[in-house]
Amino acid sequence: MSDIHTESQERAPGRDRRRFPDISSRAYEHPADRSALVALRKLSGFDTVFKALSGLLPERSLRLLFLSDSVRVGEQQFPHLHAMLLDACYILDMPKVPAMYVTQDPQPGAMCIGLDEPIIVVTTGLVELLDEEEMRAVVGHEVGHALSGHAVYRTILLFLTNMALKVAWIPLGNIAVMAVVTALREWFRKSELSADRAGLLVGQDLQASMRGLMKIAGGNHLHEMNVDAFLAQAEEYEKGGDLRDSVLKIMNMLPRSHPFTTVRAAELKKWAESRDHQRILDGHYPRRADDKDASVSDSFRESANHYADSVRASKDPLMGLVRDLAGGASDLGGRLRDTFGGRPAPKAPEAPEEPPRP
């Protein structure tokens with residue numbers, strides 16, 4: 001990474017947007033993401049452990065691979081992406097500008113990896129798919145990953161996923177590794193929601209963020225798509241079906257590193273309309289200078305409250321069952337049998353007809 005000030009980057013962004021001096025990543029992190037990160041940062045010897053791990057991880061190999069077989073973004077190569085990168089680092093007051101590469105891949109994608117210094121990689125498929133403002137949100141998304149320190153954990157996730165394949169033949173070995181991988185994936189899906197928020201803070205154009213997510217889902221056919229209809233899909237996905245569909249949703253989600261695109265769009269729109277987002281725009285946000293004083297217990301409490309609120313507000317049938325059980329509902333076996341068996345719940349017996357009086 002290069003020093004932000006040596007890149008001639010002390011300038012206003014291309015259009016009128018707010019800048020967030022000394023902003024902490026805690027300002028935009030999803031509660032579940034933030035609680036994990038605050039706890040990890042508080043661990044004694046955290047940095048030492050990950051530096052030791054760096055000898056085991058293929059980080060050097062990855063850096064050499066991208067350097068030798070991809071195009072490094074700079075003033076002479078992909079200068080429009082270079083300007084967006086500098087702009088995103090300026091808006092989020094990123095101390096160092098990460099290296100950025102474009103790699104040949106028709107599949108739209110981007111990632112931020114690395115232990116010592118994060119690097120950002122975007123595919124040609126993504127560059128060709130998005131317009132300038134949509135791409136600005138994506139670059140801000142990846143810079144948000146870098147500022148949060150997500151690159152470290154993503155690198156470890158890649159390493160563990162690869163390890164799981166190598167130890168698959170060892171009895172119980174694969175199960176142990178995959179248990180960790182599954183937990184990391186759940187956290188990483190929440191980190192993607194955090195990075196979406198960072199992308200919005202950089203681009204400050206909700207419609208551009210929405211368009212980018214729609215294109216990732218449906219390709220370069222915006223004239224055939226509609227934001228409201230796209231968001232309606234997320235609502236239908238959440239509340240549709242029965243308990244069988246709820247289980248299928250969980251099974252479909254487990255192997256993924258990212259939330260489903262419609263869900264990301266709905267979550268981002270909800271956050272954009274929240275008081276938390278408005279407070280950041282007004283200049284009221286946590287500072288990096290105070291990160292060392294962040295409370296682990298407060299972060300976990302906030303995460304727990306978020307999940308509790310999510311269960312209460314969710315329209316998913318499984319979450320509805322959880323609410324009923326928490327509220328003391330009875331006949332769980334009957335409800336499960338009727339739901340999975342496709343039979344309607346039994347009706348209450350009708351009172352017998354009174355015989356005619358003489």
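User: Hi! Which side chain does the side chain of His141 join in a polar contact, and at what distance?
Analyst: Hi there! This is a predicted model, and in it the side chains of His141 and Asp196 are joined by a polar contact of 2.9 Å.

User: Nice. Where is His141 placed?
Analyst: His141 lies in helix α6, which covers residues 132-148.

User: And is His141 buried or exposed?
Analyst: Buried. Its relative accessibility is 7%, and the cut-off for buried is under 20%, so His141 counts as buried.

User: What else does His141 touch, if I skip residues up to four places away in sequence?
Analyst: Besides Asp196, His141 touches Glu192, Ala195, Gly199 and Arg264.

User: Let's switch to the hydrophobic side of things. Which residues touch the most other members in the largest nonpolar core?
Analyst: That core has 48 residues, and the ones touching the most other members are Phe20, Ile23, Leu81, Leu92, Val122, Met135 and Val143. Helix α4, residues 79-91, gives the largest share of this core, with 8 residues.

User: Which residues is Val143 in contact with, leaving aside neighbours within four places?
Analyst: Val143 is in contact with Leu85, Ala88, Cys89, Leu92, Met94 and Ile120. Leu85, Ala88 and Cys89 are among the buried residues of α4.

User: What does the second, separate core include?
Analyst: That one has 6 residues, including Tyr101, Met111, Ile113 and Ile119.

User: Back to α4. How many of its residues are buried?
Analyst: 10 of its 13 residues are buried, so α4 is largely enclosed by the rest of the structure. Among them are Leu81, His82, Asp87 and Tyr90.

User: What is the phi of Asp93, which follows α4?
Analyst: Asp93 has a positive phi, near 55 degrees.

User: Last topic, the whole protein. How many helices and strands are there?
Analyst: There are 16 helices and 6 strands. Of the 358 residues, 42% are buried.

Key. Residues are numbered from 1 along each chain as its sequence is written. This is a predicted model: local features need pLDDT of at least 70, side-chain atom pairs count only at pLDDT 80 or more; totals for chains, interfaces and linings use all residues. Side-chain values use heavy atoms; hydrogens and water are left out. Helices (H or I, at least four residues) and strands (E, at least two) are DSSP runs, numbered from the N terminus. Buried means under 20% relative accessible area, exposed over 50%, partly exposed in between (1.4 Å probe, protein chains only). A nonpolar core is a set of buried Ala, Val, Leu, Ile, Met, Phe, Trp, Tyr and Cys residues joined through side-chain atoms within 4.5 Å. Contact means heavy atoms within 4.5 Å. A polar contact is a pair of N or O atoms within 3.5 Å; within protein, one must be able to donate a hydrogen and the other to accept it, and residues adjacent in sequence count only if both atoms are side-chain atoms.
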